[in-house]
Amino acid sequence: MASDDEEAMKNLTDKATYDRLEKDLSAVKNDISALADQVSDALGTLTGSAKKQARRGYKQARANVDSVLSDVTERGNAALDAAQNAVTSMEDTLEEAIQQRPLATVGLAIGLGFLIGVTWRR
């Protein structure tokens, strides 16, 4: 009978150990599940943060391009205005010179025509 008592004691010990291991295994499963949820949340946050940063970078680049285009447009308009003013000024000066010295202007035109004709023949 002693062996039956030992067998029963061994079965109780084995059952207690089995229950404890099952409980520990269940706790490990729960911990792994919680860890997986945390990793998933962290990846979601990281992805959201990366998207926000990419959007900010895009907006900043777009603003820089718009600024450069605006600056180039302003400079182009200023250069065009300056060229138009210079042409107008030269036109006024030439017109004034022709009115003040009509004979000299005609002589200059004849001389330039002669030089162009001589140069063209060669």
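Is Phe114 buried or exposed, and what is the relative accessible area of Phe114? Phe114 is exposed, with a relative accessible area of 58%, where buried means under 20%, exposed over 50% and partly exposed in between (1.4 Å probe, protein chains only).

This is a predicted model, in which local features need pLDDT of at least 70 and side-chain atom pairs count only at pLDDT 80 or more, while totals for chains, interfaces and linings use all residues. Residues are numbered from 1 along each chain as its sequence is written, and side-chain values use heavy atoms, with hydrogens and water left out.

The protein chain has 2 helices and 0 strands, where helices (H or I, at least four residues) and strands (E, at least two) are DSSP runs numbered from the N terminus. Buried residues make up 0% of the 122 residues in the protein chain. Phe114 lies in helix H2 (residues 102-121), whereas Asp92 has its place in helix H1 (residues 2-100) and is partly exposed at 43%.

The structure holds 2 salt bridges, each being a side-chain nitrogen of Lys or Arg within 4 Å of a carboxyl oxygen of Asp or Glu.

| Salt bridge | Closest N and O atoms |
|---|---|
| Asp66 with Arg62 | 3.7 Å |
| Arg75 with Asp71 | 3.5 Å |

Asp66 and Arg62 are 4 residues apart in helix H1, so about one helical turn separates them. Arg75 and Asp71 both lie in helix H1 as well, 4 residues apart, or about one turn of the helix. Arg75 is exposed, with a relative accessible area of 59%, whereas Asp71 is partly exposed at 33%.
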